[in-house]
Amino acid sequence: MALKIEPPLVEAARRGGPPLEELIRAVWPEAYRIAFAILRDRGLAEDAAQDACAAIAGSVRTLRHENFFATWSYRIITNAAISLVRRRQANQNADTAICYREPFDYSGSLDLQIALDRLSPVQRALILLHYYAGLASGDLAAATGLASSTVRFHLMQARRALRKALEVRNPTAPRTKKESASHVS
Amino acid sequence: MFPDAVLPQRLEAMLDGIVAPPAPLDAIRSKMLFARSEQRQRARSLRVALVAASVIAVLACVAMPMRSVGLVQAIEARYRAALRALGGEAPPPAPAALVSHLISHDVTLTKAQSHVNFTIVPPVGLPPDVVAVRIVMANTGVYSRTWHTWTVGPPSVTFVCRRRNGNSFQLLADRFDPHEGSPPKYLFEAKDDAQTSGPLVLVRHEHFAWRNGDQVMSATESNALRASEIESIRAAMHGIALPRRNLHAPETPEKGKLYIVP
């Protein structure tokens, strides 16, 4: 899990001390990256990351234990990003893939980036949270507001779409047994 | 190649390539303050928001009975944006599944009466150029502040009146509930073509409600129905005007104006 915040800092923020701003500064880059990876728009990502940081700072006192901070924060960040997508797509299904304008400026991950672009924002969020942040299906359900069974279905669909997109770009790559056998925790 | 073991590293490398701008502490601070002030506003403005929301849901469905759920929600969103801008608490968007239950259908007066638990008093004293009146039934959407959920509420009856020039207006009939509180004096609507950035432009509509027995009839002034015509209908029905609350109205005597909310 990439969001690594010192437990004493979280504990101090829970007590409402001055480190609240320090906590925001620590969370902000990761909040922005996750939001951008889901939304693929700098303005929207900033907006979602601001919402998420405000929510994290405003309710960190309600957090039961600092050990849950990272998982809890990822849920808030993803929720903020997906809420933004849903607000902007009031007339269509939030799970529909939309056109994005701003590609990542990172050639090393170009094929993965293009493959991710083919997913819907919700599916991208699930892939990121599961494979990058290490969240289990229960947390994914809480973060996206979907039922656990729906989460598992979307994740399976997303993995299938990713695999297909990556194979098209690299047709000689061998498939592994683990790839076809793995499933959501 | 897509083994699960490789994906986390590749995602991490991809995310490392995203450069985050400096943390906008001021913007985040103001969002925190706004959230707190919204919580404080919640208690005193909830009742008005609930009344307005149920009226709006019915209005939207009656006005566009054959349109898609998305369009109904978009109409409702304009009122919700206005409520928020004026410092009131607006319920979150109603889920599509619920809104689909709010789609209205035409009924006869007898059928409408059989579906509601109040005595329907049809409107009289309508403007002379009204050429057709339909009776439409629709369920109301009710938002629970306690459970933060939308549920389908009791049905309401709407008289949809068409004027000779093609414009239509609605008169809503509902059961009088003494615990519901006073209806709002104004309904505000965010202008449809409002810009995404910059000030929000609101349109103010005066709202009227009167009682006949256990029925409350309400109407909102619009291009199709002037406030004076609503007053004439109320007088012809011998309705008792309900006191209205003016919690969110800007301090100005002018009517039908646009308000800029920074």
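The model is predicted: local features need pLDDT of at least 70 and side-chain atom pairs count only at pLDDT 80 or more, while totals for chains, interfaces and linings use all residues. Residues are numbered from 1 along each chain as its sequence is written, chains are lettered from A in the order in which they are written, and side-chain values use heavy atoms, with hydrogens and water left out.

**View 1. Chain B holds six helices and nine strands.** Helices (H or I, at least four residues) and strands (E, at least two) are DSSP runs, numbered from the N terminus. Of its 262 residues, 45% count as buried (under 20% relative accessible area, 1.4 Å probe, protein chains only).

**View 2. Helix 2 (residues 20-39) of chain A meets helix 6 (residues 121-132) of chain A, their axes coming within 8 Å.** Here the axes, lines fitted to C-alpha atoms over the stretch in contact, cross at roughly 135 degrees. Look for A:Ile34 and A:Leu128, which are among the residues making the contact (heavy atoms within 4.5 Å).

**View 3. B:His207 sits in strand 6 (residues 200-212) of chain B.** With 2% relative accessibility, B:His207 is buried. Its side chain makes a polar contact with the side chain of B:Thr220 at 2.8 Å (a pair of N or O atoms within 3.5 Å, one able to donate a hydrogen and the other to accept it; residues adjacent in sequence count only if both atoms are side-chain atoms). A polar atom of the B:His207 side chain also lies 3.5 Å from the backbone oxygen of B:Ala219.

Definitions and conventions: Buried means under 20% relative accessible area, exposed over 50%, partly exposed in between (1.4 Å probe, protein chains only). Axes are lines fitted to C-alpha atoms, for helices over the stretch in contact, and angles run from 0 to 180 degrees between N-to-C directions.
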